[in-house]
Amino acid sequence: MRLSKLPLTTFKEVPAEAEVASHQLMLRAGLIRRLASGLFTWMPLGLRVLRKVETVVREEMDRAGAHELAMPAVQPAELWQESGRWDVYGPLLLRMRDRHEREFCFGPTHEEVITDIARRELKSYKQLPVNYYQIQTKFRDEIRPRFGLMRAREFLMKDAYSFHIDQESLQQTYDLMADTYCNIFDRLGLSYKSVDADSGEIGGAQSREFHVLADSGEDALAYTDNEDFAMNVELAPAAAPAGERPAPHASMAKVATPDARTIDQVCQQLAVDPRQTVKTLLVEAATDAGDDALVALVLRGDHSLNPIKAAGVPGVATPLSLASSERIAAVMGAQPGSIGPVGSNIRVIADYSAAHCADFVCGANEDGQHLTGVNWGRDLPEPEVADLRNVVAGDMSPGGNPIAIARGIEVGHIFQLGDKYSTSMDAAVLDSNGRKTAMLMGCYGIGVSRIVAAAIEQNHDEKGIIWPEPMAPFDIALLALNGRKSEEVRSSADKLYETLQAAGYAVLCDDRDARPGVMFADADLLGIPHQVVVGDRGLANGVVEYRNRRSGDTAEVNIADIGAHIAAQQAP
């Protein structure tokens, strides 16, 4: 493609509304344009990248034996009401009515639709297992769309759904999809990790996430290098401290802490380490504990509460709900930041690390006051204990190895749904004994459009995008310096353009009447892996300049050898 014929507009300035690198660079490089909050138009160059990702996903799903179909994006409310998710899914669901006042939604996912298809089409266990997939636009009405394609309302997704007669069959397909996802991300040239994860709103007993590793990732991943351990931090278990709790040495005393409402402020005023403090969080109790019941969760000051773990503690409301400041003040006699477990009349559950603290600092249940030298079993009863916190780097894994933490961008998620949808929607087949049996289901999603943004988050520098070769919109950027003024440059670039295309390369020829600096800046911004520069100076010696976008290496190469040189530089 000749750049002079491509309607491409690039920008030097970083757009004010763009917070992360992928959003900034996709706007600057002209890959996308914003239509409304969380809604983007894919421009020609960006669409080339999106289609390359889509092709890899489709090829690997086909290779795994899945069958592609296309389901309606707009779904009737009756299906969601049948599954029980119409009210549960909440405001993320974009609801609408047709001219007959019938309720519909724009599908954020397709479990209900595919289950309806399965119960109509599948009658016998002999038809199982079967795996359907589609690549289709979804819509989730995010309360605060941000980060461009990373948290958009409309996005392109590959979703697949499998149906099985028993758990063994489901496990086989689940494992096959895990391998298929690895093949996809390997082919796309991405650095990623797969981790055990929470099933969230989709539901089911087992799930696994696939994350592209990037410092800007929203998710924290816990892993070790010495064992098969990798989990989203929301699920990773935090081991109890080894050994006995230290013996008390200090007496409990009340001290003034004016305007100290955070652990950092308390530590600064009292000159103590956060590990020597505990913080108390009040949450709603489960309904069977009474309408007004609260539970106190106690963590060490340097740790953070894990809502998934906390909601799983018996007697705590699910989903986890923090008590309001007004309720806290009414129950504890103090505002948040000054409350603590000493003298509490409500149920107290301490994280393992908090329960291991001695001579610790906590709120005194009086505004502007804290207690020092507090000890369990002496100054307050021994607490119930549970794993309530997020793991941190250096914690021990179940195998006894130190945990490392990496940031990741979720681009894929696979689930074992079991009979969650098939039972509620009566999707059953006859088994080998002629008995009606609810089918077991698997669900497998990939954020096709999000992969594009995640790849940029992982692959960029101060000059622009650095595409992994399998995702790049073009293989080669051919720069004809001053080609409008030099007949020799123009003629040589045209010949090289035809030669490289005939060799199977996708070539973007910059034949614009633009300054060399503009050409180089745009080539770097667009991130095309290989740059070939044609100029009068090099042609006088029979050479062109080769530039590798990722490594930054340059070389002068004979014109006749440039195709072979690029082939040698390509990633294996």
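Which residues are linked with Arg 51 in a network of salt bridges?

1. The network of salt bridges links Arg 51 with Glu 54, Arg 58 and Glu 68, where a salt bridge is a side-chain nitrogen of Lys or Arg within 4 Å of a carboxyl oxygen of Asp or Glu. By this rule the count comes to 40 salt bridges.

2. On the basis of the note: this is a predicted model, in which local features need pLDDT of at least 70 and side-chain atom pairs count only at pLDDT 80 or more, while totals for chains, interfaces and linings use all residues. Residues are numbered from 1 along each chain as its sequence is written, and side-chain values use heavy atoms, with hydrogens and water left out.

3. Helix H7 spans residues 263-270 (helices, H or I, of at least four residues, and strands, E, of at least two, are DSSP runs numbered from the N terminus). Its residues Ile 263, Val 266 and Cys 267 are buried, buried meaning under 20% relative accessible area, exposed over 50% and partly exposed in between, with a 1.4 Å probe and protein chains only. Seen down the axis, the buried residues of H7 fall within an arc of 95°, so they line one face of the helix; the arc is that of the directions from the helix axis to the C-beta atoms. The face turned away from this buried side carries the exposed residues Asp 264 and Gln 268.

4. The cover over the buried residues of H7 includes strands S14 (278-284), S17 (360-363) and S18 (369-374). After H7 comes Ala 271, with a positive phi near 55°.

5. The largest nonpolar core has 72 residues, a core being a set of buried Ala, Val, Leu, Ile, Met, Phe, Trp, Tyr and Cys residues joined through side-chain atoms within 4.5 Å. Met 26, Phe 185, Ile 451, Trp 467 and Met 471 have the most contacts inside it. Apart from this core lies another, of 27 residues, among them Leu 93, Tyr 132, Phe 415 and Tyr 421.

6. Lys 138 and Asp 159 meet through their side chains in a salt bridge (2.7 Å, N to O). Lys 138 lies in strand S7 (residues 130-139) and Asp 159 in strand S8 (residues 154-164), so the pair ties together parts that are 21 residues apart in sequence. Both Lys 138 and Asp 159 are buried.

7. A further salt bridge joins Asp 524 and Arg 549 (3.8 Å, N to O). Both Asp 524 and Arg 549 are buried.

Key. Contact means heavy atoms within 4.5 Å.
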